[in-house]
Amino acid sequence: VQASLDGVDPVKPGAAADEEQEGSGFGRRALLAGAGVLGAAAVVGGVLAVTGSGGGSGGSDDGGGGTIDGGTLGDGDTEVRILNWQAYIDPTEDGAVGTVDRFTKATGVTVEYSEDFNDNNEVYAKELEPYLGNGQKANYDIVCPTYWMAARLKNQGWIEPLPLDLIPNRVNVEDRYLTTPWNFGATYSLPWQAGITGIAYNPALTGRELTSVNDIFDPAFKGKVAALTEMRDTLGLIMLGMGLDPSVLDEEAAMQALAKLEEATKAGQFRAFTGNEYLESLDSGDFVACFAWSGDVVQLQYTRPDIQFIIPDEGGMSWYDTMVIPKGAPNGVAAAEWMNFVYDPVQAAQLTYWVQYVSPVKGVREELIKMGGGAAALADNKILFPDEEASARLKPFATLPDDIDARLTAEFLRITAG
């Protein structure tokens, strides 16, 4: 999924973080369109007013968030156990103090931080369903699934409404996350980081500029390209290349894209279907091009500035990963403290400086400028802070009902397993 390059430290003064790139697509364009800035502000203010800073019970579904007292969320406040993707947080190294250590120093809360989140479905099957599906507590107080998995967990009643009265920095959530139907007001999850899925390639090996999703299917690149094991990313890009809209629920259109994927797979077009390991193959030259995640490539460019990342002409996929609290988590107070800490723009800016993904926290750009040097240069990075033109070319994958999700996933796994 959406994690970052393992073992590469992007925090290097003077690094070319502000190279001209095609941008990401996470602005407020959809919210502002047709309403104007003042109108949008009123909408957002109304959402926060309606959802409030608490008022629900620990197991409620009233859209008002949860509380610790009287609910199923535990009140532990001395430790927190977090499951996240690899290299998705700034470490303590080279004289810099990472987020985990800054948090512990500021709050006294100890953190058990695991990077064993490798795949949404894998974590669901191994870490969530065996416990939550049987009325037991999971092994973590915070888990960081991608938005569509978070929605599934909420629908199954497996996550807690957030104790919003303990997360005052929720006011810093970017506006676009406040109107998601399943998580109206950001009351069940907060976004961790966001990004885009596009194409990464090595111009020296492709011999030409790539601009289209369909360049991945060029017979000249047979056996030298890769797609992602995340179905929504791979299938969404293929649909865009076919002139189909992945943000619209259309099972027939998705099946057409799967048919194209199967034909190419049988022909040997793809060398592999990968997670983050595609970075090693890009670096080594085993892949000349592949579907890729934006933050990964921004990080890779510190050591390989020749590797390019593009949003294809037909468009790219948008996504975000979340923070959720599993049902019955014992350390609810500590989990809320963590969420509140990372939603402080000062802390979020330091996190952004390292992970190189799109921050969901208001004020991060201004804090990066204050930091100066390479951090300030990121304020002009079009991937991290996109303009409206880039935003207009990105699509989220449609929300899938469980039955359609199961059929598409089964077909995707059948095609890619071999």
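## Helix α16 and its buried face

In this predicted model, helix α16 buries Ile404, Asp405, Leu408, Thr409, Phe412, Ile415 and Thr416. Viewed down the helix axis, these buried residues fall within an arc of 130 degrees, so they line one face of α16. The face turned away from that buried side carries two exposed residues, Asp402 and Ala417.

Several elements cover the buried residues of α16. Among them are the helices α5 (147-155), α7 (231-241) and α8 (251-266). The strands β5 (225-228) and β6 (270-274) are also included.

## Cysteines

The structure holds zero disulfides. Such a bond would be a covalent link between the sulfur atoms of two cysteines. Cys144 has a relative accessibility of 1%, so this residue counts as buried. Cys290 is buried as well, with a relative accessible area of 1%.

## Salt bridges

Side chains of opposite charge can pair when their charged atoms come close. The structure holds 17 salt bridges. One of them joins Asp218 to Arg208, with the closest N and O atoms 2.8 Å apart. Both residues lie in the loop between α6 (203-206) and β5, so the pair ties together parts that are 10 residues apart in sequence. Arg208 is partly exposed, at 32% relative accessibility.

Arg393 forms a salt bridge with Glu389, and here the closest N and O atoms are 2.9 Å apart. Arg393 is buried, with a relative accessible area of 18%. Glu389 is partly exposed, at 44%. Elsewhere, salt bridges with shared partners join Glu262, Lys266, Glu411 and Arg414 into one network.

## A pair within helix α13

Lys370 and Glu367 form a salt bridge, their closest N and O atoms being 3.3 Å apart. Both sit in helix α13 (residues 364-371). They are three residues apart, so about one helical turn separates them. An α-helix has 3.6 residues a turn, so residues three or four places apart point the same way.

Lys370 is exposed, at 65% relative accessibility, whereas Glu367 is buried, with a relative accessible area of 16%.

Key: Residues numbered from 1 in each chain as written. Predicted model: local features only at pLDDT ≥ 70, side-chain atom pairs only at ≥ 80, totals over all residues. Heavy atoms only, no water. Buried < 20%, exposed > 50% of the residue type's maximum accessible area, 1.4 Å probe, protein only. Helix = DSSP H or I, 4+ residues; strand = E, 2+ residues; numbered from the N terminus. Arc of directions from axis to C-beta. Contact = heavy atoms within 4.5 Å. Disulfide = S-S within 2.5 Å. Salt bridge = Lys/Arg side-chain N within 4 Å of Asp/Glu carboxyl O.
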